[in-house]
Amino acid sequence: SAGHILLEADNIRIEDGGVVTAETESITRIEKTGSIQIHAEEDLVISGSAVRKEFPLNLLPQNTVNPRTVLPSALRAQTKGVNRGGDIQISAGNVFVTGGGLISNAALKGEGAGGKIDLDVVDTIRLTGANEKVDTNRTIFRSEISSGTQAPGHGGDITIRAKNVEM
């Protein structure tokens, strides 16, 4: 079974391509999949992205980035295989997802379903902006909270409770 991630602090910042991830990939059923629980007494900030430099720049058109090299800052739980993805639970004073930041839960392949995303925010959740880096297809990486599937399994539910929601 996959492990559980618990982060507790007054303020939590995931920036410049930082990622907290719980991933399960299995062809056999297991009882527990990895989940993420965040408790920020004040602010949770997920912002920006990073660009990996391993790819030779001379192979890319000028002023573009290979999409596989853009790494958004993220909280991410996903499954590949037959198991349900882990849940993401967030409680915070405020949540700011900006500059292409991402909170995501997904079933990427196999029969597994995506887990749930549950946000309990005392004051404001703000979802704004996009990543300033552009890939070779001119894709813009927007800030998002998403649950999805690329497989037969269902995407998980998203629940947001907040005093203010700004997008």
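Begin by selecting Glu166, which is partly exposed because its relative accessible area is 32%; buried means under 20%, exposed over 50% and partly exposed in between, with a 1.4 Å probe and protein chains only. The model is predicted, so local features need pLDDT of at least 70 and side-chain atom pairs count only at pLDDT 80 or more, while totals for chains, interfaces and linings use all residues. Residues are numbered from 1 along each chain as its sequence is written, and side-chain values use heavy atoms, leaving out hydrogens and water.

**Stop 1: the partner of Glu166.** Arg126 and Glu166 form a salt bridge, with their closest N and O atoms 2.7 Å apart. This pair links distant parts of the chain, 40 residues apart: Arg126 lies in strand S11 (residues 124–128) and Glu166 in strand S14. Strands here are DSSP runs of E with at least two residues, numbered from the N terminus. A salt bridge is a side-chain nitrogen of Lys or Arg within 4 Å of a carboxyl oxygen of Asp or Glu. Arg126 is partly exposed, at 30% relative accessible area.

**Stop 2: a nonpolar patch.** Move to Val165, found in strand S14 (residues 164–166). Val165 is partly exposed, with a relative accessible area of 46%. Now select Ile158, Ile160 and Met167 as well: together with Val165 they form a nonpolar patch on the surface, with about 400 Å² of accessible area. Such a patch joins nonpolar side chains (Val, Leu, Ile, Met, Phe, Trp, Tyr) within 5 Å, from residues with over 30% relative accessible area and no salt bridge. The areas come from the Shrake-Rupley method with a 1.4 Å probe.

**Stop 3: two further salt bridges.** Select Glu23 and Arg76, whose salt bridge has its closest N and O atoms 3.9 Å apart. Because Glu23 lies in strand S3 (residues 19–26) and Arg76 in strand S7, the pair ties together parts that are 53 residues apart in sequence. Next, select Arg13 and Glu15, whose side chains meet in a salt bridge at 2.8 Å, N to O. Arg13 is exposed, at 55%, whereas Glu15 is partly exposed, at 34%.

**Stop 4: strand S9.** Finally, select residues 102–109. Strand S9 is largely enclosed by the rest of the structure, because 6 of its 8 residues are buried. Strand S7 (residues 74–81) pairs with S9 in the parallel sense over 7 bridges; pairing requires at least two bridges found by DSSP. Leu102 in S9 is the bridge partner of Ala74. S9 also pairs in the parallel sense with strand S12 (residues 144–149), over 6 bridges, and there Thr149 is the bridge partner of Ala107.

Methods: Patch = residues over 30% accessible without salt bridge, like charges linked within 9 Å, V, L, I, M, F, W, Y side chains within 5 Å. Helix = DSSP H or I, 4+ residues; strand = E, 2+ residues; numbered from the N terminus.
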